[in-house]
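This report is for a reader who is meeting the structure for the first time. Please look over the sequence and the model before reading on.

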Amino acid sequence: DVRPEFWTTAADRRWAEASLRREPGTTLLALAPGVTAPAGKAYPAARYAEVLAGVPERRFSVALLGGPSDAAACAEVAAALGGLSNVASVANLAGRSTIREMVEAIRRCDAVLGPDSAPLHVGIALGKPTACIVGGGHFGRFHPWGDPALNRVVHQRMACYGCGWACPYETMRCVQEIAP
């Protein structure tokens, strides 16, 4: 059981404490929707709302995480989550944290959801439950890892898996068509 060690500071912990709001009785969910490339492997913003709406017995406080290049995706997800009755609050922290501050934010969260990205890997390393949305471009290269009881991979297997993201379809169906 080898895990990365994160060296954070008291200032990083204070930032996370001040930036995250957990409403009483909610699950604090880190949601990191951003992807680097190709853009087509991003899970649609509305689908994240469908995922949370599909768990009506649970209420969520959501922390949207990502770098400056993820700000638009996080804003889209924040808008999609806006009307859900089981989402008590949304804190869009995209582009507003250092990597160490993001680590401390994830440390305070109950679970992490998103594509194969730094926040997911940090969540796994911290022993958090994760659900990673993965396409077929490099399936198996970076995921799955971690404890299979805590760290889940959500995907839609297709005959073209291993395409290296040279998708034969008009859209990256292996990600875009994953059911919430």
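The model is predicted.

**The helix pair**

Two packed helices are described by the angle between their axes and the distance between the axes. Helix H1 covers residues 10-19 and helix H4 covers residues 99-108. Their axes lie 8 Å apart, at an angle of about 55 degrees. Angles from 65 to 115 degrees would count as roughly perpendicular and those under 35 as roughly parallel; H1 and H4 are therefore oblique to each other. The crossing of H1 over H4 is right-handed.

| Helix | Residues in the contact |
|---|---|
| H1 | Asp-12, Arg-13, Trp-15, Ala-16, Glu-17 |
| H4 | Arg-100, Glu-101, Glu-104, Ala-105, Arg-108 |

Sorted by class, the contact of H1 with H4 has 7 charged residues, 3 nonpolar ones and no polar ones.

Which residues of H4 are buried? They are Glu-101, Met-102, Val-103, Glu-104, Ala-105 and Ile-106.

**The aromatic pair**

The structure holds 1 aromatic pair. The ring centres of Tyr-43 and Tyr-48 are 5.3 Å apart and the ring planes stand at 85 degrees, so the pair is edge-to-face. Both Tyr-43 and Tyr-48 are buried.

How values were computed: Residues are numbered from 1 along each chain as its sequence is written. This is a predicted model: local features need pLDDT of at least 70, side-chain atom pairs count only at pLDDT 80 or more; totals for chains, interfaces and linings use all residues. Side-chain values use heavy atoms; hydrogens and water are left out. Axes are lines fitted to C-alpha atoms, for helices over the stretch in contact, and angles run from 0 to 180 degrees between N-to-C directions. Helices (H or I, at least four residues) and strands (E, at least two) are DSSP runs, numbered from the N terminus. Angles under 35 degrees count as roughly parallel, over 145 as roughly antiparallel, 65 to 115 as roughly perpendicular and the rest as oblique. A crossing is left-handed if the near helix is turned anticlockwise from the far one by less than a right angle, and right-handed if clockwise. Contact means heavy atoms within 4.5 Å. Ala, Val, Leu, Ile, Met, Phe, Trp, Tyr, Cys and Pro count as nonpolar, Asp, Glu, Lys and Arg as charged, and the others, Gly among them, as polar. Rings of Phe, Tyr and Trp (its six-membered ring) pair if their centres lie within 6.5 Å; planes under 30 degrees apart count as stacked, over 60 as edge-to-face and the rest as tilted. Buried means under 20% relative accessible area, exposed over 50%, partly exposed in between (1.4 Å probe, protein chains only).
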